[in-house]
Amino acid sequence: MTPGVLPAVLVGLAVLVLGGLPSSGLQRLDRGSSARSGWTRRAPEAVGVLVGLLLGGPPVAVLVPLVVLGGRRLAARRLDAAARAAERTRAVAALLTLTVELRAGRAPEPALAAAAAVATGPFAGVLSAGRAASAVGLDVPDALLGCPGAGRTAVPEAVRGLAACWQVCSRSGSSLAPAVERLAVGLRDRLAQQQAVSAELAGPQATAAVLAVLPLGGVALAASLGADPLHVLLRTPVGLGCLVLGLTLDALGLWWTGRLVASAAAA
């Protein structure tokens, strides 16, 4: 076995299973990838092919780019989930800010501008669209619902609720601040419930991740006892078949666990 193949493949498989990159590195990866060309975005996979050929021949050259691609996709999912969670939290703060501004007697335009400065993600763009409509005398609810960010925001119920509150209060002449405050409190309570459910589901998710990593421990244990498991897995037809089947079942298990967790969280 070529020296260095075992740690390289074990680390690569761990990245495939867990997407184990530090959050700061993931953020740098996400910021940098948006400005890259199509070829540059595929550079890590191309480098993986070359490294695989140098370390372990064609089998490793196929495995490494798959590992890199899987790790990048998992990293992107983690980044998206973190961004959407931050958008939900900041949406509550933005609605409370809008409430305070309206109760202080501010006009809708500066009140929406202050709320947009607190919000993040597409929801900030929705509030900015409402501010722009208010500035030129257009219909604010239509601007909120028609903004492109309304279809991408993590809090679509907040967009619809704010538009409905604005429309009803403008037609009835009632105060908008209490309605927005009730909307913010309702959204905050819903987020608290979702966080409680996520905390309850953290245990099954951790168990699934540990079970997915256990085969790596078996490979490492066999290597430490003097065996050469990677030679069997990467150099023999039976071993390659077992490796492909094992990785496929591992990935399917993680996917199915993710579906179960997502369905439980949405219930």
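Guide: The expected span of a helix is 1.5 Å times one less than its number of residues, and helices here are DSSP runs of H or I with at least four residues, numbered from the N terminus. This is a predicted model, where local features need pLDDT of at least 70, side-chain atom pairs count only at pLDDT 80 or more, and totals for chains, interfaces and linings use all residues. Residues are numbered from 1 along each chain, and side-chain values use heavy atoms, leaving out hydrogens and water.

Visitor: How do you know that the span of α10 agrees with its 49 residues?

Guide: At 1.5 Å a residue they should span 72 Å, and the end C-alpha atoms of α10 are 69 Å apart, so the two agree. Still, α10 bends by about 35° at Leu-201, with Pro-204 following within four residues; the bend is the angle between axes fitted to the seven residues ending there and the seven starting there.

Visitor: Why is Ser-175 called partly exposed?

Guide: Buried means under 20% relative accessible area and exposed over 50%, with partly exposed in between (1.4 Å probe, protein chains only). Ser-175 has 48% relative accessibility, so it counts as partly exposed. Ser-175 sits in the loop between α9 (156–172) and α10 (176–224).

Terms used:
Helix = DSSP H or I, 4+ residues; strand = E, 2+ residues; numbered from the N terminus.
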